[in-house]
Every structure is written in structure tokens, then in C-alpha cells.
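Please keep the structure in view while reading.

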Amino acid sequence: MQARSHPLGVHPSPSGDGTANVAVYAPGLDEVDLVFARPGEAWQRLRLDGVNHGIHYATVPRPRGVASLSMSAQELARDVSPAMPAGTRYGFVPARAHGTPVPDPALEPVLLDPYGRGLTRVAPPGDVVDPGPDAYGGMYVSEVVAQDHEWHDEPRPAHPWRDTVIYEAHVKGLTMLHPEIPHELRGTYAGLGHPAVLEHLRGLGVTAVELLPVHAHLDEAHLTANGLTNYWGYNTLGFFAPHACYATRAAQQAGPTAVLDEFKDMVDALHRAGLQVYLDVVYNHTAEGGPDQRAYCWRGLGEGEYYRHDEHGNYVDVTGCGNSVNFADAQVVRMTLDSLRYWVEECHVDGFRFDLAPELGRDEHHHFTRNHPFFVAVAADPVLQGVRMISEPWDVGVGGWQTGRFPAGWADWNDQYRDTVRDFWLSGQRTMRRGGGGGTAARLAGAMSGSADLFAPNGRTTLASVNFITAHDGFTLYDLTAYDSKHNEANRESNADGTNDNHSWNHDHEGFSPDVRVRSARAATARNMMATLLFSQGVPMITAGDELLRSQGGNNNAYCQDNRLSWVDWALTPFDRSMLHITQRLVRIRRAFLAGQPHEFPTRPQDVVLNWYANSGEPMTAELWQTDGERALQVVLAARGGRVAGLFVLNGTESPVAAVLPAFEHPARTERVPGDRDARVPGARGTSHAAGAGDATAASTYRLVLATDSHLDELTGNRWRTGDEVTLPPQGVAMFAIT
């Protein structure tokens with residue numbers, strides 16, 4: 001079979017004759033040799049004698065004694081052939097003269113296949129005492145895997161984006177301490193697919209699990225030197241291979257095909273439980289170091305093309321990680337798209353969260369553009385239609401903050417939402433405790449309204465906002481309430497790493513407090529923030545363990561803490577259980593509310609009613625929005641044509657508040673959207689209204705569905721009428737259904 005320059009990687013020749021086609025983009029090498037060893041055979045070398053615009057390619061012949069075949073379509077779909085069967089180890093080296101000994105990859109580095117589906121360490125680093133499985137400096141080869149999984153997940157879950165509740169989790173961290181998971185499955189893909197985990201996720205009510213990086217990754221050199229590991233995994237060594245250390249020991253011993261199958265089994269199990277699977281992906285930089293460190297893959301194949309450089313040939317670092325992948329190169333864009341398609345088509349992944357995503361949209365001058373060819377290609381790709389694309393919309397380059405500015409069809413992590421909610425419930429409380437007014441609720445109202453000021457200018461709706469209060473990076477929800485300062489000493493960087501801008505408040509006691517009043521106040525603040533998150537317009541994301549008040553002991557940068565500090569602790573206190581139960585209820589309330597709205601809600605801003613009232617039950621005024629200390633208000637959320645409306649009452653002051661329930665006529669019963677003539681919420685841009693009593697003679701019934709104060713919550717199910725007073729304790733939230 002004649003060799004072809006596409007597809008890249010190792011695949012059976014399309015003729016099905018048993019040979020294999022190998023192609024690699026290596027523009028930095030004049031000639032390239034493939035070195036490979038079939039299972040049970042010695043290493044051999046083959047010159048890739050075809051060259052096409054930097055792509056080197058050749059046909060690998062069948063082994064001696066294997067006659068020409070006629071492989072069926074089903075056999076070809078396994079993506080292996082007699083020439084390169086499953087378990088074949090391989091890599092690339094600059095071409096050498098005929099007769100030169102074939103290098104042993106355990107002794108002499110070979111370059112990995114950027115498209116390699118499997119990755120195997122053949123030797124640990126020789127200069128490290130007791131190196132971990134991902135220690136920097138080890139010897140690696142690519143390995144051929146078979147696509148053998150038999151799927152059982154049809155129909156795959158397809159939750160509407162507006163109904164999505166994301167749960168950000170770490171494969172190992174979520175499962176390592178779970179008492180109901182067998183020891184041999186803890187910390188693994190199989191453990192994540194275990195019924196005990198599925199039951200927790202279903203009971204919580206989330207719809208999608210967003211996994212921290214599962215692409216094959218490597219520890220950084222400084223972590224290996226300090227005896228630490230890259231727990232989070234934001235240091236990719238292979239964009240097509242699942243990380244082997246998250247598989248069971250049995251799968252690791254069986255090889256990369258078994259590792260891939262275990263990953264697919266996990267996806268299958270999550271899908272059958274009704275949960276979508278999103279991957280946190282790191283295409284912006286790689287695990288390779290600088291010029292003074294060894295090349296693992298891309299640097300050796302074509303450093304000038306794969307990485308960003310300035311006019312002097314120096315690295316351009318817009319990620320803070322030492323090297324930035326060059327998305328001005330068409331083959332880099334192609335590699336990323338091929339990787340995304342692989343995880344969607346072969347691994348049934350439902351979405352992606354892109355780490356430091358502005359880097360992917362920077363042109364040859366390193367400037368961000370929302371019309372970058374990568375974004376255009378994603379939007380036009382038929383395989384990626386309906387796949388969720390979520391940006392972390394900042395990097396460290398010039399113009400690196402791009403929240404709200406990604407293309408239509410993308411959703412952005414909303415850092416302004418995060419900081420605003422923290423400021424209201426944490427920094428504001430601290431200010432009041434020290435004699436200040438605590439600010440206003442105006443910014444919080446804009447955030448709860450979907451941050452239209454960020455997204456509307458680029459034609460995007462509130463569903464473009466992924467709302468979060470915590471993520472893997474930073475304090476946990478509990479630690480926000482328990483620490484004023486970071487405590488990262490365990491990272492061995494003299495507590496210099498991690499942000500100092502946490503918007504947190506320790507409730508006047510740093511760290512663990514034996515005082516039940518302090519612990520109770522912290523738990524109440526955590527409940528208030530969770531209630532705010534799940535009421536707000538946009539798509540909410542919960543970080544694993546926040547529903548259990550998980551703590552990291554004040555470490556806000558636990559990227560290198562692969563231990564109990566980072567793992568979810570399933571031994572629950574009464575406060576933890578209370579937080580779990582209220583989070584479950586909040587998710588159910590959100591789901592029930594959305595089920596009562598038109599299917600297009602909230603994508604038509606003109607049909608969204610978001611009305612704001614003072615405690616008096618009267619519409620908020622411009623003066624009230626601007627009054628320091630005016631931190632108690634009410635908001636009604638409804639939609640034209642909807643069957644359900646909701647009232648959210650919050651008291652961010654230090655005193656009880658008697659809230660007069662407002663007069664509200666449901667828009668399903670009127671031709672006029674209430675409040676069109678009234679002052680709008682600052683920053684809401686037309687989707688939210690400051691008032692809207694509608695017909696002042698109309699009387700609504702308000703049924704309490706949840707309160708973050710336990711005493712008020714005992715009245716859940718009770719009903720009030722328009723004009724009645726409800727006393728809300730200090731620092732509390734109450735939610736009502738309106739009929």
C-alpha cells in the first residue's frame with residue numbers, strides 16, 4: 001500500500017492489506033526514522049521517506065510470514081494491524097545512517113508521537129531517589145492501542161444547556177477516601193464509575209461531571225526535585241492518551257489498551273447514570289521544559305512551529321508555564337481539532353473546559369481574536385456540533401482577560417461572578433463587623449442576573465456565563481469562610497505561590513475553631529453562597545466536596561498535594577451533612593423551576609422577568625441601589641408563558657429584616673411585562689428589571705421552599721400572601737415559589 005501523509009499518527013493502511021501507515025508532523029527534522037518493537041520482538045527502525053510540507057510518512061510492512069490480508073471495516077475500526085498490532089511500542093528519532101544500531105528507548109530518548117493513543121514509561125529517571133510514576137526525566141514511548149470497547153450508553157445523556165449543573169472533580173481526589181469503594185478501585189477511573197459515586201452524584205442532582213485533566217501528563221522538574229507531584233495534571237505529555245496512573249493496577253499492568261478501556265467503562269457508567277462527561281483540557285502548553293531540558297516530543301520534532309517565539313527566536317510565554325503552543329500554525333490547530341474529535345468519537349466525551357483559553361485564540365502576533373481560525377474551525381466542525389465548549393477566559397499575556405468575549409456557542413468561566421458573590425457574603429460581612437456599611441447589593445444583582453454587561457455586547461445570553469464561587473484553583477467553599485490568608489507551606493515554595501486576593505473572611509478566627517458559634521456562622525455563609533449560585537442566571541458549577549464543606553487547611557494552590565489535603569473526605573460531621581442536604585434541595589428547586597419555564601428560557605431576554613424589590617415590598621430605586629449598607633432585597637424571577645415563578649429574599653445585614661412580600665402578577669397572565677418603565681438593575685442590560693409589581697391589586701401566594709437559616713427553614717411548605725411580612729435573620733436567604 002502506498003504511504004500517505006494523512007491521517008497523522010499510526011493507523012492501518014486503508015486498503016486493509018495488513019500494513020500500517022505512519023505519519024508525523026516534524027518540520028524541524030530533515031529526515032525521520034520510526035523505531036518500533038512489536039510485542040515480543042526486538043526494536044527495529046524504518047525510514048519515513050515520504051515528506052510533504054513537514055509531514056514525514058511511510059508504510060510499515062507486515063511481519064515476515066504474514067500474508068496479505070483483506071481486513072473488514074470492523075477490523076479496521078479497531079485501529080490496529082498486523083504491521084503495528086496493539087502493544088507495539090514506538091517513537092521517532094532524527095534519521096541515522098544505515099547500519100547504525102537501533103536505539104533502545106529505555107536508554108536513549110526517542111520522540112513521542114503527538115497523536116499517540118497510548119503512553120508507556122520504559123525507564124524511570126536515573127538521578128531521582130524513589131521516583132513517582134510521573135516523575136520528570138523518565139523515558140517514554142508511544143504505544144499502539146486497540147479501539148475494543150463495546151459501548152452501552154445509547155442514548156447518551158443530552159441535557160439542555162440551561163438545565164446543566166456542572167460538578168468539577170478530580171478522578172483520584174473524589175474516590176480515594178470513599179469507604180464504599182473497594183481499595184483496589186480507589187483513585188481510579190473504575191472507582192469514579194462505581195455505584196457509590198454514581199449514587200452520590202445522582203442524589204446531588206448534578207448533570208455533568210467535569211474532570212480535571214485526564215490527558216497523559218508529567219510532573220514538572222522542580223516538583224520531582226522536591227519530592228512532590230503534579231496532582232492537578234495541568235502538564236500534558238499526550239493529547240490523545242488517558243493518564244495511566246488513574247487506571248487500576250490491573251489495567252496498568254495489562255497496558256494502554258486496558259487503560260483506555262477502563263476510561264471508556266467509566267464514561268459508559270456515568271452516561272448510564274444520566275451524567276455527561278466534560279474534560280478539562282490543556283492545549284495551551286505542554287510538559288516539555290525549556291531549551292536546557294530534554295525534548296520529549298514537540299520540541300524535538302519542530303520547536304519553531306509547535307511553540308510561540310518572538311522575532312529573536314525566544315519563547316513567548318503567555319501561559320506562565322514556560323512554553324506556549326503556537327496556534328498560529330495550521331498543523332497545531334489541526335492536532336487540537338483531531339484530539340477533540342478523538343475524545344468525542346472514540347471516547348464519547350460530551351464537552352471540554354479549555355485551560356487558559358485565550359492562548360488558543362492568539363494569532364501570529366500573539367494577539368487574541370474571537371475570529372481565530374481555531375474558533376472558526378470548532379464552530380464549523382460537524383463532529384463537534386452540540387459538544388460543550390467552556391473557556392477559562394484568561395491567560396497571562398497582553399490582553400489576557402477575555403471574560404465575555406469568546407465566540408457565540410462558547411461559555412466562559414465567570415470570574416467576575418465569583419469575586420462579586422465572595423465580596424457580598426464574605427468581604428462585606430468583614431467590613432460590617434469592623435464598623436463599615438458593607439457596600440450595596442447592586443453588583444450582586446448584576447451577577448445574579450447573568451452578567452449581561454459582560455456577555456450581551458458580544459451577542460451572547462446569560463447561558464454563556466458559567467457561574468462558580470470556587471474551583472480546583474483557590475480556596476474551597478469552606479476555607480473561604482475560615483481563612484483570611486493562604487497557608488501553602490506544604491507546597492515548599494515558602495508560601496509565595498497562590499493568590500493573595502481571595503475575597504475571603506475567616507469569621508474572626510483563622511482556621512479551625514472549636515467555637516460552635518463560629519462554625520455555625522461559617523456553615524450559614526457557605527449555605528448562602530451555594531443558594532446564590534443555584535438561583536443565579538447562567539450555568540452553575542459546583543466544586544467537588546463543597547457540598548460536604550471540604551477543607552484544604554487554607555491551601556489555595558494545592559496543585560502538588562496528592563494526599564488527604566486534596567482528597568474529598570467522606571467522614572461527615574453534622575454540619576457537613578446539613579450542607580449536603582441543602583445543596584441537594586437547592587439543585588432540585590432549580591430543576592423544578594426550569595421545568596416550569598418555556599423551553600427557550602432564558603435565551604430570549606425580552607421574555608425574562610427579573611424584578612427587584614426593597615424590604616418594603618416596593619420597587620428598588622436608583623437611590624437604594626447606591627446606598628451603602630443597603631444589603632437586603634428581594635428578587636422575583638419568572639418568564640412570559642412560564643408556569644412557575646420564584647422569589648429570592650436575601651438579608652446581607654447584621655440585623656433581622658422584616659420583608660414585605662411584593663405584589664407580583666405572573667407574566668403568563670398579562671400581555672405586559674411588568675416593570676418596563678422602572679429603573680433597571682445596574683449592569684443588567686435589559687434582561688432584569690428593578691421593579692414590576694404589575695397589577696397592584698393582584699395578590700400572589702408565596703410558598704416557602706427553602707431557607708438557609710435552620711429555624712426559618714422549619715416553616716418550609718407554609719404559605720404567605722402579598723403584603724405579609726417574613727422576618728429573615730441576619731445573613732440569611734429564603735426562597736419561595738409563587739402561585
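## The largest pocket

A pocket, in the sense used here, is an open set of grid points with protein on both sides within 12 Å along at least five of seven lines. The structure is a predicted model, and its largest pocket has a volume of about 1100 Å³.

The lining of this pocket is made up of 46 residues, and those nearest the centre are Trp232, Thr319, Cys321, Asp473 and Asn557. Two helices, H5 (221–225) and H11 (415–433), each contribute at least two residues to the lining, and the largest share, three residues, is that of H11.

## The chain as a whole

The chain contains 18 helices and 27 strands, and its C-alpha atoms fill a box of roughly 95 × 55 × 50 Å along the principal axes. Its radius of gyration is 28 Å, which agrees with the value near 27 Å that a compact globule of 739 residues would have.

Of the 739 residues, 61% are buried. Among contacts with a separation of 6 or more, 71% are between residues 24 or more positions apart. The accessible surface of the chain is about 27200 Å², and carbon and sulfur atoms account for 50% of that surface.

## Cis peptide bonds

The bond from glutamate 154 to proline 155 is cis, with omega near -10°, and proline 155 is placed in the loop between strand S9 (139–143) and strand S10 (166–169). Phenylalanine 601 and proline 602 are also joined by a cis peptide bond, with omega about 5°, while proline 602 belongs to the loop between helix H16 (574–595) and strand S20 (608–613).

## Residues in loops

Leucine 356 has a positive phi, near 45°, although this residue is not a glycine; leucine 356 lies in the loop between strand S15 (351–354) and helix H10 (373–380). Because its relative accessibility is 11%, and buried means under 20%, leucine 356 counts as buried. Histidine 366, likewise not a glycine, has a positive phi of about 70° and lies in the loop between S15 and H10.

Glycine 723 sits in the loop between strand S25 (719–721) and strand S26 (725–728), where it touches Val660 and Leu661, leaving aside residues up to four places away in sequence. Its relative accessibility is 45%, so glycine 723 counts as partly exposed.

How values were computed:
Residues are numbered from 1 along each chain as its sequence is written. This is a predicted model: local features need pLDDT of at least 70, side-chain atom pairs count only at pLDDT 80 or more; totals for chains, interfaces and linings use all residues. Side-chain values use heavy atoms; hydrogens and water are left out. On a 1 Å grid over the protein atoms alone, a cavity is a set of points where a 1.4 Å probe fits but cannot get out, and a pocket is an open set with protein on both sides within 12 Å along at least five of seven lines; lining residues have an atom within 4 Å of a point. Grid points are joined across faces, edges and corners, and a volume is the space filled by probe spheres set on the points. Helices (H or I, at least four residues) and strands (E, at least two) are DSSP runs, numbered from the N terminus. The radius of gyration is taken over C-alpha atoms; the globule rule is 2.2 Å times the number of residues to the power 0.38. Buried means under 20% relative accessible area, exposed over 50%, partly exposed in between (1.4 Å probe, protein chains only). Contact means heavy atoms within 4.5 Å. Accessible areas come from the Shrake-Rupley method with a 1.4 Å probe; for residues, only the protein chains shown count as cover.
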